[in-house]
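Please read the following report alongside the sequence and the coordinates.

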Amino acid sequence: MPPAVYKAVREQCLEQVASFFQRVACPIEAPEKTIFGDIDLIVSEPKITPFPVDSLAKALNAERTIQSHPISCFAVPYPGREGNYVQVDVHVCESKHFDWEMFHQSHGDLWNLLGSSIRPFGLTVNNTGLHVRIPEIENHDRKKSLIFLTADSHTMLEFLYLDRAAFSRSFDTVESMFEFVCGNRFFRPEAYIRPDLKANDRKRLAQRELYRRFVDDYVPCRTVGPQRIDGVHELTRPEVLDEALEKFEKKSEYGARLQGWRKEREELAHKHASREWRKRKAAADEAYAEAWIKSLRRST
């Protein structure tokens, strides 16, 4: 749908949904969009618990509803086009996660672009916050390797050396958003070389036009990443890990998690060795029994 239709339906939906939730907002859109798909609303603190989906559907004049958790989808009439509908997704989150959800979902593909910058340094952003991975655990269990650092957007941007004011408003152009991405201190052009992209990034390259433009058109014009404030040009993953653990006071958790992981691996290795020993012993006992039976047969 064109921008004018999108804005009209969005404002109407925001007004209706606000009757059911204390906090209602729409993430900042990506720049230069001329065609919009669905409308995403983030909500929290329902005025009635649990919030009545059917009543909200009626308020939105929705023709169809798909109720799920945490996102429910509503087919709202497309203005002036009978039989056509706009999909409105209402994402219900806990109040404590509302600000982070808004932060994480803003600016379209921005976090896909930033994710490719920070991932080589062991950092990951998801719908719960910023995390750092424990290298020793990562190759065995990516989920267990995560250590939560923060869900505070200001602290997160500060850690990446990104401008909070610039993030808080819409980017005027796609190029200004690309420049913002390149301004993060972890940006390195080599992280976006096509043959070296991870599977998820290759998928984004095929499906996300802004990501493709960044990789194929914008990054080749960049030769080096930004200088660090302290004057050291090249960052290393161990250095970033140490800095993150220090800044977010996670050294104790890191040590405990790593110790627990090593103990778990030792126990698994011991169990595996015991199983293998029992298998070998059983095989040896079986071979001995067969040889004994054969010897008895020969003697008779």
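## Aromatic pairs

How many aromatic pairs does the count come to? The count comes to 17 aromatic pairs, where rings of Phe, Tyr and Trp (its six-membered ring) pair if their centres lie within 6.5 Å, and planes under 30 degrees apart count as stacked, over 60 as edge-to-face and the rest as tilted. One of them is the stacked pair of Tyr6 and Phe36, with 4.0 Å centre to centre and 10 degrees between the planes. This pair links distant parts of the chain, since Tyr6 belongs to helix α1 (residues 3-17) and Phe36, 30 residues apart, to the loop between β1 (21-25) and β2 (39-46).

## Basis of the model

This is a predicted model, in which local features need pLDDT of at least 70 and side-chain atom pairs count only at pLDDT 80 or more, while totals for chains, interfaces and linings use all residues. Residues are numbered from 1 along each chain as its sequence is written, and side-chain values use heavy atoms, with hydrogens and water left out. Helices (H or I, at least four residues) and strands (E, at least two) are DSSP runs, numbered from the N terminus.

## Helix packing

Helix α8 (residues 174-182) and helix α10 (residues 209-218) pack at an angle of about 70 degrees, their axes being 11 Å apart; the axes are lines fitted to C-alpha atoms, for helices over the stretch in contact, and angles run from 0 to 180 degrees between N-to-C directions. The two helices α8 and α10 are therefore roughly perpendicular to each other, a term for angles of 65 to 115 degrees, whereas those under 35 count as roughly parallel, over 145 as roughly antiparallel and the rest as oblique. In their contact (heavy atoms within 4.5 Å), α8 contributes Val174, Glu175, Met177, Phe178, Glu179, Val181 and Cys182, and α10 contributes Leu210, Arg213, Phe214 and Tyr218. By class, this contact of α8 with α10 has eight nonpolar, no polar and three charged residues; Ala, Val, Leu, Ile, Met, Phe, Trp, Tyr, Cys and Pro count as nonpolar, Asp, Glu, Lys and Arg as charged, and the others, Gly among them, as polar.

For α9 and α10 the packing angle is about 105 degrees, with the axes 6 Å apart, and these helices are therefore also roughly perpendicular to each other. Their contact is made by Asp201, Arg204, Leu205 and Gln207 of α9 and by Glu209, Tyr211, Arg212 and Val215 of α10, which divide into three nonpolar, one polar and four charged.

## Backbone

Cis peptide bonds join Thr49 to Pro50, with omega about -10 degrees, and His69 to Pro70, with omega about 10 degrees. Tyr161 has a positive phi of about 60 degrees although it is not a glycine.
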